[in-house]
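This briefing goes through selected features of one protein chain, grouped by topic. Please keep the sequence and the model in view while reading.

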Amino acid sequence: MAGEVVVDALPYFDRGYDEPGVREAALSLVEEETRRYRPTKNYLEYLPAPSYNAFETEIMKNEFERMQARLPMEMLSMKRYELPQPSAGKMTDISAWTECVDNSQAQLEHQALRILNLELMADNGSNAWKQYNTILVQMMENAQKHLQDLRKQIQEINWRRKSEQTEAGNKLKELEDSWVGLVSKNYEIERACVELEKEVTSIEQKKAKDKR
């Protein structure tokens with residue numbers, strides 16, 4: 001269980017990572033754990049099932065089907081821009097000519113509207129584009145500021161980790177030196193005790209001989 005793992009590494013304080021074979025040993029442990037790891041739980045199960053067709057319109061659906069079937073794309077129809085005259089059998093039909101005239105007027109109105117839109121764009125398009133660019137620059141500056149804040153937080157976390165690990169490492173080194181000193185002192189006491197026991201034994205043996 002992950003909760004039972006005790007992390008005792010202090011990367012900012014520990015030494016010996018650059019020694020030969022240490023990196024290879026760490027990589028071999030990672031590879032071994034990767035081979036043994038078999039995830040048994042779907043870590044995306046809390047998310048709703050994805051709907052890949054949520055934003056797919058009927059036109060998009062038909063176009064995807066056409067592309068999947070490798071069919072050529074239909075050419076843009078220019079029929080609406082044509083000004084055909086009545087067919088040969090309707091050259092004397094007033095209603096046919098009226099339909100042609102209405103089509104011509106619609107075409108002229110459409111072209112006039114396009115010209116008006118071009119004039120409006122010429123007058124106002126540059127200002128709208130400048131405003132759009134200003135918004136983009138502001139969005140970029142906000143994103144950069146947010147990125148800088150995140151980097152600052154990361155740096156502060158790393159500095160805090162380094163400070164905590166350095167402090168803990170120094171404390172551990174102090175405790176280790178103290179432990180080594182106590183062990184050495186105990187060893188010296190044990191040696192002294194052994195020497196005293198030998199000396200006491202020697203004295204007792206000498207007294208026993210003198211009594212004889």
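Asp149 counts as partly exposed because its relative accessibility is 33%. Asp149 forms a salt bridge with Lys145, and the closest N and O atoms are 3.5 Å apart. The model is a predicted one, and a search of the whole structure finds 4 salt bridges.

**Salt bridges**

- Side chains of opposite charge can pair when their charged atoms come close.
- Lys145 and Asp149 both sit in helix α3, 4 residues apart, which is about one turn of the helix.
- Lys173 and Asp177 are also both in helix α3, with a spacing of 4 residues, about one turn of the helix. Their closest N and O atoms are 3.3 Å apart, and the pair forms a salt bridge.
- Lys173 is partly exposed at 45% relative accessibility, and Asp177 is partly exposed at 44%.
- In helix α1 (residues 22–36), Arg36 and Glu32 lie 4 residues apart, about one turn of the helix. A salt bridge joins Arg36 to Glu32, with 3.9 Å between the closest N and O atoms.
- Arg36 counts as exposed, with 57% relative accessibility, whereas Glu32 is partly exposed at 36%.

**Coiled-coil annotation**

- The UniProt record, an unreviewed entry, lists residues 133–206 as "coiled-coil region".
- In the model, residues 133–206 are 100% helix and 0% strand.

**Nonpolar surface patch**

- A nonpolar patch on the surface is formed by Trp129, Tyr132, Ile135, Leu136 and Met139. Together these residues have about 540 Å² of accessible area.
- Trp129 belongs to helix α3 (residues 94–211). Trp129 counts as exposed because its relative accessibility is 54%, above the cut-off of 50%.

**A buried glutamine**

- Gln165 lies in helix α3 and counts as buried because its relative accessibility is 11%, under the cut-off of 20%.
- Leaving aside residues up to four places away in sequence, Gln165 touches Leu10, Pro11, Tyr12 and Phe13.

**Backbone at Arg70**

- Arg70 is not a glycine, yet has a positive phi of about 60°.
- The loop between α2 (58–68) and α3 holds Arg70, and this residue counts as exposed at 77% relative accessibility.

**Cysteines**

- The structure holds 0 disulfides.
- Cys100 is buried, with 17% relative accessible area, whereas Cys193 counts as partly exposed at 38% relative accessibility.

Technical notes
Residues are numbered from 1 along each chain as its sequence is written. This is a predicted model: local features need pLDDT of at least 70, side-chain atom pairs count only at pLDDT 80 or more; totals for chains, interfaces and linings use all residues. Side-chain values use heavy atoms; hydrogens and water are left out. UniProt positions are given in the numbering used here, feature names are shortened, and annotations may be inferred rather than shown by experiment. Helices (H or I, at least four residues) and strands (E, at least two) are DSSP runs, numbered from the N terminus. Patches are made of residues with over 30% relative accessible area and no salt bridge: like charges are joined within 9 Å, nonpolar side chains (Val, Leu, Ile, Met, Phe, Trp, Tyr) within 5 Å. Accessible areas come from the Shrake-Rupley method with a 1.4 Å probe; for residues, only the protein chains shown count as cover. A salt bridge is a side-chain nitrogen of Lys or Arg within 4 Å of a carboxyl oxygen of Asp or Glu. Buried means under 20% relative accessible area, exposed over 50%, partly exposed in between (1.4 Å probe, protein chains only). Contact means heavy atoms within 4.5 Å. A disulfide is a pair of cysteine sulfur atoms within 2.5 Å.
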